[in-house]
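Please consult the sequence and the structure shown below while reading.

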Amino acid sequence: MSTPTLHVSQHPAVLHKLAILRDQTTEPKKFREVVRELSWLLGYEALADARVRPMQVATPLETMEGAELADRIGLVPILRAGLGMVDAMLELMPTAQVWHLGLFRDERTLRPVEYYNKLPTSASVDLCLILDPMLATGGSATAAIEVLKRWGAVHPVRIKLVNLIAAPEGVEAVSKAHPDVEIYCAALDRQLNGVGYIMPGLGDAGDRQFGTGKSD
Ligand code: PRP
Ligand code: URA
């Protein structure tokens, strides 16, 4: 699949951590740690074209021209599973604002249902990063992008999607509906199974982070 807006990390540290995350024996505590570490690495890649502005910095020896992040950034974690990606992103971009968006996937229809929205009244940023470990059918990501665009995150405001694992079906759905949105992920997996799970994937990202199961 050739999608110009898709960036799949090839970094050895990302590949190493992703294998730990996929392993079915990885317990929630370790799983959360690795989600956090991978988020840091993917956030680093997603920020590669962020704008900086010059500033003066005094080293112990002299004053020089340094740089500081100029883009105003909004982080949009998709509840629940996106929560685990927030802290690492805030370490990278401490001045970012965080707007929570609650979406869950109806397990029967696989369609997203919005249940929480903490966006401020108007878009006041240059770059929105949507955080969600899994891009499966693309229904949740497309819904999140539509919410952000309706709210005012349209050109020149940029939207990027940061996922840990993407399915080809989800990448296609997002890039068709929103060719302006770049997607950063740690892996592009093979396909969805009959019930909308990514294969080989890692299972349910929310359940694995929070120690819940099908009946919770
Ligand atoms: C998962 C995941 C995405 C969505 C992806 O969330 O975190 O939000 O599914 O699937 P899609 O691309 O087919 O929409 P889920 O609905 O399981 O909710 P949760 O985070 O509360 O567990
Ligand atoms: N949501 C998940 O958490 N995992 C999948 O494989 C698909 C959707």
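Does Ala 123 count as buried, partly exposed or exposed, and why? In this predicted model, Ala 123 has a relative accessibility of 28% and therefore counts as partly exposed, since the partly exposed class lies between under 20% for buried and over 50% for exposed.

**Surroundings of Ala 123**
- Ala 123 belongs to the loop that links β7 (112-117) with β8 (127-131).
- Apart from neighbours within four places in sequence, Ala 123 is in contact with Trp 151, Gly 152 and Ala 153.
- Gly 74 is 49 residues away from Ala 123 along the chain, and 9.1 Å separates their C-alpha atoms.

**The parallel sheet**
- An open sheet is formed by 3 strands, ordered β9-β11-β13, with parallel pairing.
- The edges are taken by β9 (134-135) and β13 (187-188); each has a single partner strand, so one side of each has no neighbour in the sheet.
- Strand β11 (residues 165-166) runs parallel to β13 and is joined to it by 2 bridges.
- Within this pairing, Ala 166 is placed opposite Leu 188 of β13.

**The site of ligand 2**
- Oxygen atoms of ligand 2 lie 2.8 Å from a backbone N or O atom of Ile 198 and 2.8 Å from a backbone N or O atom of Ala 205.
- A nitrogen atom of ligand 2 lies 2.8 Å from a backbone N or O atom of Gly 203.
- On its own, ligand 2 has 240 Å² of accessible area, of which the protein covers 88%.

Terms used: Residues are numbered from 1 along each chain as its sequence is written. Chains are lettered from A and ligands numbered from 1 in the order in which they are written. This is a predicted model: local features need pLDDT of at least 70, side-chain atom pairs count only at pLDDT 80 or more; totals for chains, interfaces and linings use all residues. Side-chain values use heavy atoms; hydrogens and water are left out. Helices (H or I, at least four residues) and strands (E, at least two) are DSSP runs, numbered from the N terminus. Buried means under 20% relative accessible area, exposed over 50%, partly exposed in between (1.4 Å probe, protein chains only). Contact means heavy atoms within 4.5 Å. Two strands pair if DSSP finds at least two bridges between them. A polar contact is a pair of N or O atoms within 3.5 Å; within protein, one must be able to donate a hydrogen and the other to accept it, and residues adjacent in sequence count only if both atoms are side-chain atoms. Accessible areas come from the Shrake-Rupley method with a 1.4 Å probe; for residues, only the protein chains shown count as cover.
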